[in-house]
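Please keep the sequence and the structure at hand while reading.

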Amino acid sequence: MKISSRRDFLKNVIGASSMLLLSQQGFAVNNRYEEAFIDKLLPAPKGGGFAMADYWIWDPSVIKGEDGRYHMFASRWSKKYGFGNWVTNSEVVRAIADTPEGPYEFVEVVLPARGKKYFDGCTTHNPRIVKNGDYYVLYYFGNSYEEPNPSYSENVWESGLGQKAWMHKRIGMAYSKSISGPWKRVYQPILNPRLGEWDNSITSNPSPVVLPDGSVYLIYKSSPVNYNPPLLLGAAQADSFLGPYLRLSDKPIFSFHSDQNHENDVEDPFVWHNGQHFELIMKDRYGKICGEEGGGIHAYSKDGIDWHLSKAVKAYSKTIRWNDGSISHQANFERPFLLFENGKPTHLFAATGDGTESYQFERTWNMVIPLKVS
């Protein structure tokens, strides 16, 4: 199946007859949400999710394996380093549980550092797992750097290594017919930055959707210059998970900043297709869209290119209700991921932590929130 234009991609996603119906009736048909996404969230189980005492844990992504159990792919790096070493020392691991809530138990390192001659030779991070036909496909970003590996005491953002490693982030992919591997990793990034464009710096934060014919819609993060705001999101597609991945638009699909105010941007998208149109939830970095710094927003699109914020825009909060009746305000709540069963989202996963303020953690873990299922 070859997609030669934006219109061809839209036909592929929703079908020609459905597209005609939508164009006749108007786009409002796609925004009939019975409740705000945040209202779907149930109390979170205390002790659920995935944690490791000696590691920083981040980036939950969960799928039901051929064994009927739930497999979480996550990022971890030693607590001998500071939290900021996610950009220099992270590795992707797998943990397992009998229920979506967990708790999950560590099984193995899936994507270890494989040497500085590779684009992902030093770091693997931001895993997203999907099933595409007979294959489990694991998207992530990797980086490599020429400098020596940091010492435990080095603050990589003060030494400059963190910034250098950040600029080398590239989206990679691995695939396997079994959830337990072996995993075949690609040797080159599946999506590179474009010189002189809005996505000039990196490719990161992959969020894939497998469409019914096996083609892949992929949202990614980049920026015009570097790690400073604004961070922007783009969209690409591929006929199969093996690629090639081609941009669907030369412009970012979200742009909330202005020339006078760059600090109004988003990141950490999770996108899905509900059978009629695309939806996503993502992090509002500065809180100028949903009203809470680091809170979540909900948006929708009929073609994956032109996106609209939902009227009930807030998708989640850093204030968490727990199943023991307590309420807490988390230092962070990031990298949202939805588990789907029988076509319906049933659980929201997120990276979170206890601490005095954002990114000032005592510990981190991947938590889970059950959802009301309509």
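Does Cys290 count as buried or exposed? In this predicted model, Cys290 has a relative accessibility of 14% and therefore counts as buried, since the cut-off for that class is under 20%. Cys122 is buried as well, with a relative accessible area of 8%.

| Cysteine | Relative accessible area | Class |
|---|---|---|
| Cys122 | 8% | buried |
| Cys290 | 14% | buried |

A disulfide is a covalent bond between the sulfur atoms of two cysteines. A search of the whole structure finds zero disulfides.

In soluble globular proteins, nonpolar side chains tend to be buried together. The largest nonpolar core in this model has 33 residues, and Phe50, Tyr104 and Leu348 have the most contacts inside it. At least two residues of this core come from each of the strands β1 (55–64), β2 (70–78), β3 (91–97), β13 (266–273), β16 (308–316), β19, β20 and β21. Another core, of 21 residues, lies apart from it; Cys290 is one of its members, and Leu280, Ile297 and Ile305 are also among them.

Setting aside residues up to four places away in sequence, Phe50 touches a number of residues, including Ile57, Met72, Val93, Tyr104 and Trp365.

The strands β19, β20 and β21 form an open sheet of three strands in the order β19-β20-β21, with antiparallel pairing. β19 (332–341) and β21 (360–370) each have a single partner strand, so one side of each is left without a neighbour in the sheet. From one strand to the next, the twist averages 15 degrees. Strand β20 (residues 344–357) is joined to β19 by eight bridges, and the two run antiparallel. Leu338 has Leu348 in β20 as its bridge partner; Leu348 is also one of the residues with the most contacts inside the largest nonpolar core.

A further open sheet has four strands, in the order β9-β10-β11-β12, again with antiparallel pairing. Its edges are β9 (204–210) and β12 (246–247); each has a single partner strand, so one side of each lacks a neighbour in the sheet. Two bridges link strand β11 (residues 232–238) with β12, and Leu246 in β12 is the bridge partner of Gln237.

**A loop residue**

Asp324 lies in the loop between β17 (319–321) and β18 (327–329). The side chain of Asp324 makes a polar contact with the side chain of Ser326, at 2.6 Å. Tyr286 is 38 residues from Asp324 in sequence, and their C-alpha atoms are 30 Å apart in space.

Key. Residues are numbered from 1 along each chain as its sequence is written. This is a predicted model: local features need pLDDT of at least 70, side-chain atom pairs count only at pLDDT 80 or more; totals for chains, interfaces and linings use all residues. Side-chain values use heavy atoms; hydrogens and water are left out. A disulfide is a pair of cysteine sulfur atoms within 2.5 Å. Buried means under 20% relative accessible area, exposed over 50%, partly exposed in between (1.4 Å probe, protein chains only). Two strands pair if DSSP finds at least two bridges between them. Axes are lines fitted to C-alpha atoms, for helices over the stretch in contact, and angles run from 0 to 180 degrees between N-to-C directions. A nonpolar core is a set of buried Ala, Val, Leu, Ile, Met, Phe, Trp, Tyr and Cys residues joined through side-chain atoms within 4.5 Å. Contact means heavy atoms within 4.5 Å. A polar contact is a pair of N or O atoms within 3.5 Å; within protein, one must be able to donate a hydrogen and the other to accept it, and residues adjacent in sequence count only if both atoms are side-chain atoms.
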